[in-house]
Structure formats: structure tokens, C-alpha cells
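Visitor: Could you take me through one part of this model at close range? I'd like the packing details, with the cut-offs spelled out as you go.

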Amino acid sequence: MTRRGLLLFAAMCVIWGIPYLFIRIAVSELTPATLVFLRTGVAAAVLLPIAIRRGGLRDLIEKWRPLIIFAAIEIGVPWLALSTAEQHISSSLAGLLISAVPLVGVVIAPVFGNRERIGPINLAGLLLGIGGVAAIVGFDLRSTGWLPLTEMAVVAICYAIGPAILARHLSGLPSVSVIAASLAICAVVYAPVAALQWPRTVPTAGALASVGVLALIAEIGPVRATVITYINPAVAAVAGILVLHERFTAGMGFGFVLVLVGSTLATRRARAILDSHRRALDGSRAGG
């Protein structure tokens, strides 16, 4: 990887890792619905003129049904669930739980037409990843509660389904138009709720800055590369510890490693594993 590529990769990891920190700051003064409205509204206001200028919105008319579903699954539902969960759990824990997205993706893949059989190694990876999630959460649920964990499960499921919908039903469409329209749809839906829950006093500079950063990040779009999905939870954990002085246990660190290893095994194709073994065997024979 070139130096430029490495810098871009590091930047994307930070960009996708810090939203959990800013969500935690923002929801201390704003309701989750108001935060989602502000994030989507500001981002849509920036992206819609660009999409209109490029003329890409016309291409979305025939795809309005999958577009609405994508907007709800990728943005509307998970952003609300994540913001609500972070009213009760740390940003570090929220970020680490997002690392389970690849595991969920393996489970739901057959629903979207992937008929590839889950092999023993894939199954072992799933079980290992589940064990890692359990280690991250810990067994003391009194300080966490079931509801925030359920909300984080909803987030992970939505983040796994969203890209599948995008790839199957919205591929070939301008990405800026898809993202802009999705953000605008969610902003319109959340506007009435945000109006009812609008804060009576002006939020602090920290909360307003958090909303601004989250809106800018939303403009980048929802597509997450697999490797970045693995790394950004670590960025989220470090940011929460350094900025908000959140607690980080050995179990959380150990569980995160298990999730990474489990996700790698669960998402690895059995054929690729056999091919690698075959190449290694051929190499050993040649060397012998």
C-alpha cells in the first residue's frame, strides 16, 4: 500500500470510528430523534444540490420502493436505535458491538440470494464471534440493561442488511443521488418528531459541534469496507477512553479480538481456504 493509500485508509478508519463518540456527546442534550433529524437534514441540504446539478435524482424515480427501504434500514432505524442506546451505554461499548456486523451479514446472506453453504470453519467463526460479543458485553447486565443491547442488535442487523439492499436493488445508480435522497427521506420523516422534542435552550458548543461533525460524516455515505468495519470499533473505543474517560475492561479487549478472528473465519469462503491449503501443500512438495 502506498503512503497516500495508507493515509486515506487511516482517515476512513477514524471517520467511521468517531461517530459513536459524538453521538454520546450529542444525546446528552438532544433527543435521539432530534439528533437524527439534524444529522440527516444538514447532510441532505449539502448533498441534494449536488445531486440535482448532476441530474441523478431522475434515475431514482423507478427505484423509489427499494430506495425508501434502504433509507429506513441503513439510516432511519439504526441511527435512532444507536442514539437511543448511547443514552445508556458508553460510546466504546457501542463501537465494539458494531464489530459484529460481518457476523450478522453471514447469517442473513442466504436471504439475499447467497446460496453458498456455511462450512465448518465458517460456523466455528460464527460461534467464536458470538463468544466475543458475549465477552464484550460481559455478564453483568445490571449496569447495561437488555434494552440498549437489543437496540445495538437492531443496529448491527440493519447495517448488515443495508449494503445488501444497495448492491442488489440500487447498484448502477449515482451514489451521491442515493445517499442524498435517503438522507432527505429520513429528515422529512423525523422532522415532526424533532419539532415536538426541540430543546428549550440552545445546546452547548460541544453538542452543536458534535451534530456538525456527524452531519459531515453522513455526507460520505453508508458504504463500509470490510477491513474498516473491523478497525473502526477500535478507534471508537480509544476515542471514548481518551475523550470521555470511559471504562475499558480486559473482557472488552479480549472479546473484540475474538470478534475479529471470528468475523474473518465466518466470512471466508470455504473454497478459498481449500485453495490456500492446496497451494501450501504444492509448495511444500516443491520444496521437498
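**A close look at the packing**

Guide: Let's begin with T40, which is buried, its relative accessible area being 0%; buried stands for under 20%, exposed for over 50% and partly exposed for what lies in between, with a 1.4 Å probe and protein chains only. Before we go on, please keep in mind that this is a predicted model, in which local features need pLDDT of at least 70 and side-chain atom pairs count only at pLDDT 80 or more, while totals for chains, interfaces and linings use all residues. Residues are numbered from 1 along each chain as its sequence is written, and side-chain values use heavy atoms, with hydrogens and water left out.

T40 sits in helix α3, residues 32-54 (helices are DSSP runs of H or I with at least four residues, numbered from the N terminus). Its side chain has two backbone oxygens to talk to: that of V36 at 2.8 Å, and that of F37, which is 3.2 Å from a polar atom of the T40 side chain. Both are polar contacts, that is, pairs of N or O atoms within 3.5 Å where, within protein, one must be able to donate a hydrogen and the other to accept it, and where residues adjacent in sequence count only if both atoms are side-chain atoms. Setting aside neighbours within four places in sequence, T40 touches I75, W79, L183, C186 and A187, contact being heavy atoms within 4.5 Å.

T34 is another residue of α3, and a relative accessible area of 1% makes T34 buried. With neighbours within four places again left out, T34 meets A194, Q197, W198 and P199.

Now to α6, residues 101-108, where 6 of the 8 residues are buried: V101, P102, L103, V104, V106 and I108. Two packed helices are described by the angle between their axes and the distance between the axes. The axes are lines fitted to C-alpha atoms, for helices over the stretch in contact, with angles from 0 to 180 degrees between N-to-C directions.

With α12 (residues 250-266), the axis of α6 comes within 9 Å and crosses at roughly 30°, so α6 is roughly parallel to α12. Angles under 35 degrees count as roughly parallel, over 145 as roughly antiparallel, 65 to 115 as roughly perpendicular and the rest as oblique. P102, L103 and V106 of α6 make this contact with V259, G262, S263 and A266 of α12. By class these are 5 nonpolar, 2 polar and no charged residues; Ala, Val, Leu, Ile, Met, Phe, Trp, Tyr, Cys and Pro count as nonpolar, Asp, Glu, Lys and Arg as charged, and the others, Gly among them, as polar.

With α8 (residues 146-169), the axes come within 8 Å and cross at roughly 60°, so α6 and α8 are oblique to each other. Here V101, V104, G105 and I108 of α6 meet A156, I157, Y159, A160 and I161 of α8, a contact of 8 nonpolar, 1 polar and no charged residues.

L127 belongs to helix α7, residues 120-137, and counts as exposed because its relative accessibility is 56%.

Technical notes. Helix = DSSP H or I, 4+ residues; strand = E, 2+ residues; numbered from the N terminus.
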